[in-house]
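Please look at the sequence and the 3D structure shown below before reading on.

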Amino acid sequence: MDEQKQGTALQPRFERERFLLIAGFAERVKPAAVQDIGQLWQRFIPHIGKVPGQVDDVTYGICCNPDGQGGFEYIAGVEISKLDDLPARYRWVEVQPQQYAVFEHPGSLLELPQTFNYIWQTWLPQSGREAADAPEFERYSADFNPDTGSGVVEVWLPLKSA
């Protein structure tokens, strides 16, 4: 994706997200293996709609617990209303209320790494803002189709208070 074209298309909106309780499948991801995230989603997709306490069909890709060397934990999941009866195979994380810059990803899932690079390497340094030590996440609309790429994908970047 041409960065100049992408830069004009990726102007964020700013939102304060409410508390989220997300449950799904998790893996530690190293910088050189981000392509493995798709395999994690393939394992999780059959569980969508069957996770105890699931709130709706919106899905989340949570990036959390960084290791300081570019690695992080990635959770492919859904919002749940409670932890009661959640089977041990699911990993869960609490996302606390936080201010976010929200970017709508304009391309296919294959181009998602370029969107993250633009956000971190271009937008954030030029914005005068700082990322907060909080989970960053992708939010996939309920009608998102990973095969066709139709539907809305948003990247939510946590921000420190201005």
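Predicted model: local features only at pLDDT ≥ 70, side-chain atom pairs only at ≥ 80, totals over all residues.

Residues are numbered from 1 along each chain as its sequence is written, and side-chain values use heavy atoms, with hydrogens and water left out. The chain has three helices and eight strands, where helices (H or I, at least four residues) and strands (E, at least two) are DSSP runs numbered from the N terminus.

**Overall form**

- Read from the N terminus on, the elements follow the order α-β-β-α-β-β-β-β-α-β-β.
- The radius of gyration of the chain is 15 Å, which agrees with the value near 15 Å that a compact globule of 162 residues would have; this radius is taken over C-alpha atoms, and the globule rule is 2.2 Å times the number of residues to the power 0.38.
- Taken along the principal axes, the C-alpha atoms fill a box of roughly 45 × 35 × 30 Å.
- Of the 162 residues in the chain, 43% are buried, where buried means under 20% relative accessible area, exposed means over 50%, and partly exposed lies in between (1.4 Å probe, protein chains only).
- Among contacts (heavy atoms within 4.5 Å) between residues at least 6 apart in sequence, 74% join residues at least 24 apart.

**Nonpolar cores**

- A nonpolar core is a set of buried Ala, Val, Leu, Ile, Met, Phe, Trp, Tyr and Cys residues joined through side-chain atoms within 4.5 Å.
- The largest nonpolar core has 32 residues, and those with the most contacts inside it are Phe44, Val51, Tyr74, Phe103 and Trp123.
- At least two residues of this core come from each of β2 (20-29), α2 (37-44), β4 (72-80), β6 (98-104), α3 (112-127) and β8 (153-158), and the largest share, six residues, comes from α3.
- Apart from this core lies another core, of 13 residues, among them Val93, Val95, Val102 and Trp156.
- Leaving out residues up to four places away in sequence, Phe103 touches several residues, including Leu10, Ile119, Trp123, Val153 and Leu157.

**Strand β4 and its partners**

- Nine of the nine residues of β4 are buried, so β4 is largely enclosed by the rest of the structure.
- Two strands pair if DSSP finds at least two bridges between them; β2 and β4 pair in the antiparallel sense over eight bridges, and Glu27 stands opposite Tyr74 in β4.
- Strands β3 and β4 also run antiparallel and are joined by seven bridges, and the bridge partner of Thr59 in β4 is Val78.

- Glu73 lies in strand β4 and counts as buried at 10% relative accessibility.
- The side chains of Glu73 and Asn65 are joined by a polar contact of 2.5 Å; a polar contact is a pair of N or O atoms within 3.5 Å, and within protein one must be able to donate a hydrogen and the other to accept it, while residues adjacent in sequence count only if both atoms are side-chain atoms.
- Asp56 lies in strand β3 (residues 54-64) and counts as partly exposed at 31% relative accessibility.
- The side chain of Asp56 reaches the backbone nitrogen of Val58 at 3.0 Å.

**Aromatic rings**

- A search of the whole structure finds eleven aromatic pairs; rings of Phe, Tyr and Trp (its six-membered ring) pair if their centres lie within 6.5 Å, with planes under 30 degrees apart counted as stacked, over 60 as edge-to-face and the rest as tilted.
- Phe14 and Trp123 form a tilted pair, 6.3 Å centre to centre with 40° between the planes.
- Phe14 lies in strand β1 (residues 13-17) and Trp123 in helix α3, so the pair ties together parts that are 109 residues apart in sequence.
- Phe14 is partly exposed, with a relative accessible area of 42%, whereas Trp123 counts as buried at 9% relative accessibility.
- Phe25 and Phe44 form an edge-to-face pair, 5.5 Å centre to centre with 70° between the planes; this pair links Phe25 in strand β2 to Phe44 in helix α2, 19 residues apart, and both residues are buried.
- Phe25, Trp41, Phe44, Tyr90, Tyr140 and Phe144 form one aromatic cluster.
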